[in-house]
Amino acid sequence: MQNGSFDVFALRKDFPLLLTKVYGKPLVYFDNAATSQKPRTVIERIVRYYEHENANIHRGVYHLSDLSSNAYEGSRDMVQKNINASKREEIIFVRGATEGINLVASSWGRTNLKAGDEVLISQMEHHANIVPWQLICQEKGAFLKVVPVDDSGELILEEFHKLLSEKTKFVSILYVSNSIGTINPIKTLIESAHQFNIPVLVDACQAAPHLSIDVHDLDCDFLVYSGHKIFAPTGIGVLYGKEILLNAMPPYQSGGDMINTVSFEKTTFKQAPHKFEAGTPDIAGAIGLGTAIEYINTIGKSKIHEYEQKLLNHITQKISDIDGLRIIGTAKNKIPVISFTVEGAHPMDIGTLIDFEGVAIRTGNHCTQPLLDRLGVTATCRASLAFYNTMEEIDFFADALNRVIKKIKN
Ligand code: ALA
């Protein structure tokens, strides 16, 4: 099926894994919020790196080390450009969003929070944007405040505004929900926090694969995302931070490549980004991330978004007809992530049986226990789509779901 200039079947050919068969059936991969598949160009770039360029970075004066360093730093430039950061020094390579949030909670939080201060998060956060703040708040005697969500899975904006005060020292909030797909009005939230001079970290993990990100326009103070969700390898992610904040923060981890001088009496540190990249990083991962960004840019985020909204409408329509099925999360603005429960059928059973049909979905709490508690469920099935999914796959999924539910109920 072609959608204007968006030829999904041509694009699918770029992803070798999509040809996989599961139990003899064509794979329908609907677990993209957990991790995305990788285009051949990314896979080949990593192979090329290990076959022809592998050497440690920033350390050697020889040809290979130069090649490797240039490729790694070239990816930093690509990330900078891709999220419209003012400076390459504002881009720190981390293991993933989780490490990025831990870095900020630990380094910024330990330096700046004191007893009685408040950190504001939301009820729809992933555990990775709850627990690091919980730990640092406990350590400092600060309080974690939580913006509630309504029954549709949208943030209650009046509550957000009510919770902002002189006591609030930091806001850490997601752009898009991993478990129910809600897109938050992130720019408005940042503007409101800035009226109180409160820095804001944006967890952009689920936004990065679907929406254009412009940190200059958002004016966020920190932003994190994981490479593996945007068609890059696992083990690499990005922390963006405003230079002035990063350079005022102490190191998170220490070791080689992040120092200027070391003696037993005193060590001096480099500035960002190297101050926060101790030890040998995931060089191949960073290079793969740069290639993934180039690949996505050849398609264009606006085309991806437009096509994905069609996927979202189609899947919503198809499964809404199923008897006893309840969609969890009905926000007005969503990415193509759909969580649901079915009366009389446990999500785990649905997930296990639909796997035999070749369909991969995630079941459970999606690392968002507080959100699911709020919405009155302990687990859901979650289908999360990417631009390489098709309407035909959605039709197959809906039929398979019907068969599975019938089997469970009979
Ligand atoms: N955070 C990932 C998910 O939502 C792993 O599945």
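**Close-up views of a predicted model**

**View 1. Packing of helix 4 and helix 5.** Helix 4 (residues 97–112) and helix 5 (residues 131–140) cross at roughly 20°, and their axes come within 9 Å. Axes are lines fitted to C-alpha atoms, for helices over the stretch in contact, with angles running from 0 to 180 degrees between N-to-C directions. Helices (H or I, at least four residues) and strands (E, at least two) are DSSP runs, numbered from the N terminus. Helix 4 contributes Ile-101, Asn-102, Val-104, Ala-105, Gly-109 and Arg-110 to the contact, and helix 5 contributes Pro-132, Trp-133, Ile-136, Glu-139 and Lys-140; contact means heavy atoms within 4.5 Å. By class, this contact of helix 4 with helix 5 has six nonpolar, two polar and three charged residues (Ala, Val, Leu, Ile, Met, Phe, Trp, Tyr, Cys and Pro count as nonpolar, Asp, Glu, Lys and Arg as charged, and the others, Gly among them, as polar).

The model is predicted: local features need pLDDT of at least 70, side-chain atom pairs count only at pLDDT 80 or more, and totals for chains, interfaces and linings use all residues. Residues are numbered from 1 along each chain as its sequence is written, and side-chain values use heavy atoms, with hydrogens and water left out.

**View 2. Packing of helix 11 and helix 14.** The axes of helix 11 (residues 301–320) and helix 14 (residues 391–409) are 10 Å apart, at an angle of about 20°. That makes helix 11 roughly parallel to helix 14. The crossing of helix 11 with helix 14 is right-handed. Contact residues include Tyr-307, Leu-311 and Ile-315 of helix 11 and Ile-394, Phe-397 and Leu-401 of helix 14. By class, the contact of helix 11 with helix 14 has nine nonpolar, one polar and three charged residues.

View 3. Around the ligand are Ala-33, Ala-34, His-126, Asn-178, Lys-229, Arg-362 and Arg-382, each with a heavy atom within 4 Å of it. His-126 has a polar side-chain atom 3.0 Å from a ligand nitrogen atom.

**View 4. The cis peptide bond at Pro-273.** The bond from Ala-272 to Pro-273 is cis, with omega near 5°. Pro-273 is in the loop between strand 14 (267–269) and helix 10 (283–299).

Methods:
Angles under 35 degrees count as roughly parallel, over 145 as roughly antiparallel, 65 to 115 as roughly perpendicular and the rest as oblique. A crossing is left-handed if the near helix is turned anticlockwise from the far one by less than a right angle, and right-handed if clockwise. A polar contact is a pair of N or O atoms within 3.5 Å; within protein, one must be able to donate a hydrogen and the other to accept it, and residues adjacent in sequence count only if both atoms are side-chain atoms.
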